[in-house]
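Me: I would like to go through this structure with you, one topic at a time. Please keep the answers brief.

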Amino acid sequence: MEWLPFSSCQCLAIFLLFIVAVPCSSAYSLHPTVAYSMMEHRDHTGISPFRVLNRRALGQCPDLNPYLGIQVSSGSSALADEEYVTVTVSGVLLPSELDWVAIISPSDSDVSACPLKKAEYVQTGDLADLPLLCHYPVKGQWVSHDPDYLGCKKEQCQKWNGPVCDVSTCNGTITFHVVNFRTDVEFVFFTGGFDAPCILARSGPLKFANPNQPLYAHISSIDSSGTSMKVTWVSGSEESQVVQYGDGQATESEATIFTRDDMCTSVLPSPAKDFGWHDPGYIHSAIMTGLKPSSSYSFKYGSASAGWSDEIKFKTPPAGGSEEVRFLAYGDMGKAPRDPCAEHYIQPGSLAVVEALMKEVDSGDIDSIFHIGDISYATGFLVEWDYFLQLISPIASKVPYMTAIGNHERDYTNTGSVYGTPDSGGECGVPYETYFPMPTSAKDKPWYSIEQGTVHFTLISTEHPWSDGSQQLEWIKTDLASVDRSKTPWLVFAGHRPMYSSSNPTNADSKFVAALEPWLQQYKVDLALFGHVHNYERMCSVFQGACLAMPTKDDDGVDTYDHDNYTAPVHAVIGMAGFSLDKFSDTLPPPSWSLRRIAEYGYFRAHATTSEINLEFVDANTLHIHDSFRIIKSTN
């Protein structure tokens, strides 16, 4: 059998020598010893080799193999809004565990200026044909996910010598889940793993059939009346579009956009500002008016030129002051790939939770959803927002999807956030507030209240100043004092970071507790919901670390808190909707205020009437109820 002069492994060795020998400088004057290090871009999010791939020099492998190729099999000549794309690499002489394929997409919808940025490429150490600042690796997958690849069970003869095969090569086939994020797509075959990648073959660009297609709608309440709903969606087109709803009603959209200049950065470049940027398209919003509370309608959105969505059935929430409301709540969901790919940040429980939420919403028994912080975990890798919005759209387009901001949406160094960690990856709340326009008073003041049925919801930002004299604390006191208990007898307070947690007490900021807890007790908050810690934990009626009251068992054995004899709020941590779970200690006993602790993926379900709130923790994988409790009070 005839062998070519260099194998893939030999080429990798040459490539490694090449990148070590060639010095490179950074646009931010980084020391050469960290130019290719994870430490260069380490932050308080999930670091993996793929997450810093954008900071690698993506050179062509010096491979003399003439047989290498990559073929993409799509349902048509252009990509659909969602599809599973089959990719086959062929002509491989020596399959390696370090072989992988990535989806690469331009960072901007218009890449005509990319060649003009050559100086920027030089500064970042990227001298390849795949420019760092103009291309974005969306996700990557090992070719070895094809079980036949490493053993070369799909062999192909490339050179015959009579009846004898002199040169044979190997093939591998893998599948990618692709959603419409508007910019062109290219599949690139690499070797060298994520740490030392070099390019073996490229597919050439593929386009989405309609980059302007209106997609990923979700709805939200704009007030407590239940008569007006805001629809928000994404499109590649800036032109005004329309929401058609009800019996022939229609309203035009307003389009907003954010740019790379809106992102935050520091001495080290943030992902959002630099290597995680991806053009977000245009975010459209339109308000449907003249609706009736607790009623079902249909809507569709788009335009003749951009395209139309399918018709979607949705439900308005009950008006504030009506007799009941049913809602779901959780924090820290994010998203996970529907294929075996590596992505920049993965929340493994999110798919199971969304599947369970779809069943809840489709039952027709849910009025609204509250997602209290750590929404998509895009953390500066902007295309992740498209995947997240696509994931939640089947639920968020049918009932109001109300949100609160978390550290992974807002926090960044020297930007006014309470905590100086770079957890947002440089987003600083801008994408979050654009994608999820809540009924707040102004930009970067993401606190608000809303009433549905018998509940007054107060949603705050734990990431913005809340200390004495802060604008937010003054608003909180005013809002809590304004609640009319004859109209909404229940007061639910929600924010991202908790006041209490037994699995990781460092996640409870004593200054935050000291500043806000007295006001929650003074204004008789019934239930305080938090995320940030990735598990479920229910407390007693707790104040200043002590149980002021304990629940009693009703006739069915359900824990019941009597708020006719109010002492303090009931606290619950509900950050178990997707992020890797925080386990509880098997050896240390829980503190006296911790009554129920569960480290499973799930969500919180509530039904509030005038005299009681029934609350349950639902396991997303089994749909079993692992905890239930009640809060009661008389209607007098």
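Me: To begin, how many of the 14 residues of α4 are buried?
Reply: This is a predicted model, and in it 13 of the 14 residues of α4 are buried, which leaves the helix mostly covered.

Me: What span should α4 have, and what is the distance between its end C-alpha atoms?
Reply: Helix α4 covers residues 383-396, and at 1.5 Å a residue its 14 residues should span 20 Å. The end C-alpha atoms are 19 Å apart, which agrees with that expectation.

Me: Where does α4 bend, and by how much?
Reply: The bend is at Q390 and amounts to about 30°.

Me: Changing topic to the cysteines: how many disulfides does a search of the whole structure find?
Reply: The search finds five disulfides. One of them joins C61 and C198, with the sulfur atoms 1.9 Å apart.

Me: Which parts of the chain does the pair of C61 and C198 link?
Reply: The pair links distant parts, 137 residues apart. C61 lies in the loop between β1 (59-60) and β2 (69-73), whereas C198 belongs to strand β9, residues 198-202.

Me: Is the link of C61 and C198 right-handed or left-handed?
Reply: The link is right-handed, with 95° about the S-S bond.

Me: Why do C61 and C198 count as buried?
Reply: The cut-off for buried is under 20% relative accessible area. C61 has 7% relative accessibility, so C61 counts as buried. C198 is buried too, because its relative accessible area is 0%.

Me: What is the sulfur distance for C264 and C428?
Reply: C264 and C428 form a disulfide with their sulfur atoms 2.0 Å apart. C264 is in the loop between β14 (254-256) and β15 (282-288), and C428 is in the loop between α5 (407-410) and α6 (430-435), so the pair ties together parts that are 164 residues apart in sequence. C264 counts as buried at 16% relative accessibility, and C428 counts as buried at 7%.

Me: And C540 with C547, which handedness does that link have?
Reply: The link of C540 and C547 is left-handed, with -95° about the S-S bond. Their sulfur atoms are 2.0 Å apart.

Me: Is C547 buried or partly exposed?
Reply: C547 counts as partly exposed, because its relative accessibility is 27%.

Me: Which residues is Q452 in contact with, leaving aside its neighbours within four places in sequence?
Reply: With those neighbours left aside, Q452 is in contact with S221, P317, P318, A319, G320, V325, S368, F370 and F457.

Me: How far apart are L291 and S228 in sequence and in space?
Reply: L291 and S228 are 63 residues apart in sequence, and their C-alpha atoms are 6.0 Å apart in space.

Me: What does L291 touch, not counting residues up to four places away in sequence?
Reply: On that basis, L291 touches G226, T227, M229, Y245, Y297, F314 and T316.

Conventions. Residues numbered from 1 in each chain as written. Predicted model: local features only at pLDDT ≥ 70, side-chain atom pairs only at ≥ 80, totals over all residues. Heavy atoms only, no water. Disulfide = S-S within 2.5 Å. Helix = DSSP H or I, 4+ residues; strand = E, 2+ residues; numbered from the N terminus. Buried < 20%, exposed > 50% of the residue type's maximum accessible area, 1.4 Å probe, protein only. Contact = heavy atoms within 4.5 Å. Expected span 1.5 Å × (residues − 1). Bend = angle between axes of the 7 residues up to and from the residue.
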